[in-house]
Amino acid sequence: MTDSGITAATADWQAWQESWDRQQEWYLPDREERFRIMLDMVEALVGTAPRVLDLACGTGSITARLLARFPDATSTGVDLDPALLAIAEGTFAGDDRVRLVTADLKDPDWPAKLPYDAYDAVLTATALHWLHREPLADLYGQVAGLVRDGGVFMNADHMIDEATPRINAAERAQRHARMNQAKRDGILDWAEWWQLAAKDPVLAEPTARRYEIYGEHAEGDAPSARWHARVLREKGFGEARPVWCSPSDTLLLAVK
């Protein structure tokens, strides 16, 4: 089901999902590992039939893995990107476990568009780094209001510790060397993926609209995991800490 206003047209949505996954894995080779740990912690803390809010859901990557692992789960995906929502809509068409909502997370009234007032888990990955610290802190306050007591919030994203500049520089250099090799081997990067979407008969129009909204690529902040944990506790979560990390990214878990 959808509140997004998108009409699913004929397209190979699974192929677009797989193409998106490959493009994202170019940046995040351990992407599936973070999803696995995220769902492990969902199961550990709120069980196998959770009501989930997939925050800044994109194509629904988290929702797809959630439902594959927990068939009794339900998911509300919220995003503003019309092209990625079109792929999500096509992918989950006819699945009553999924609702898709178009909303701007910088709009203070976005929670009013959701079908539920409370969720067992709010999950997001590689999305909130386009927000700067102040609006991100405001968003965390809104998320705290949506998570039930005992529920969880998890954010897997770039979280950079500014106290370790030499480590950061070495990690970045190695990561980019590997990315450059993968690029030479033919992987699509972000810009090339969007160029393909712009030429697709189904995605061309929503892709044009997403560029009107976002431009090329919005960049916000990537504060440390300590910053995220502190702000989440200040906004109403009882506990918050990393439960997984790579050299550049962290999966941070907060419990209401």
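Biologist: Is Cys 57 buried or exposed?

Modeller: This is a predicted model, and Cys 57 has a relative accessible area of 7%. Buried means under 20%. Cys 57 is therefore buried.

Biologist: Is Cys 245 buried or exposed?

Modeller: The relative accessible area of Cys 245 is 53%. The cut-off for exposed is over 50%, so Cys 245 counts as exposed.

Biologist: How many disulfides does the structure hold?

Modeller: A disulfide requires a pair of cysteine sulfur atoms within 2.5 Å. By that criterion, the number of disulfides in the structure is zero.

Biologist: Why is strand S2 described as largely enclosed by the rest of the structure?

Modeller: Strand S2 covers residues 74-79, six residues in total.

Biologist: Which residue of S2 is the bridge partner of Asp 54?

Modeller: Strand S1 (residues 51-55) and S2 run parallel and are joined by five bridges. Within S2, the bridge partner of Asp 54 is Gly 77.

Biologist: What is the handedness of the β-α-β unit made by S1, helix H3 and S2?

Modeller: Helix H3 spans residues 61-69. Together with S1 and S2, this helix makes a β-α-β unit that is right-handed.

Biologist: Which residue in S3 does Asp 79 stand opposite?

Modeller: S2 is also joined to strand S3 (residues 98-102), in parallel, by five bridges. In S3, the residue opposite Asp 79 is Thr 102.

Biologist: Through which helix does the chain cross from S2 to S3?

Modeller: This β-α-β crossover is right-handed. The helix it passes through comprises residues 82-92 and is H4.

Key. Residues numbered from 1 in each chain as written. Predicted model: local features only at pLDDT ≥ 70, side-chain atom pairs only at ≥ 80, totals over all residues. Heavy atoms only, no water. Buried < 20%, exposed > 50% of the residue type's maximum accessible area, 1.4 Å probe, protein only. Helix = DSSP H or I, 4+ residues; strand = E, 2+ residues; numbered from the N terminus. Pairing = 2+ DSSP bridges. Right-handed = clockwise from strand over helix to strand, strands pointing away.
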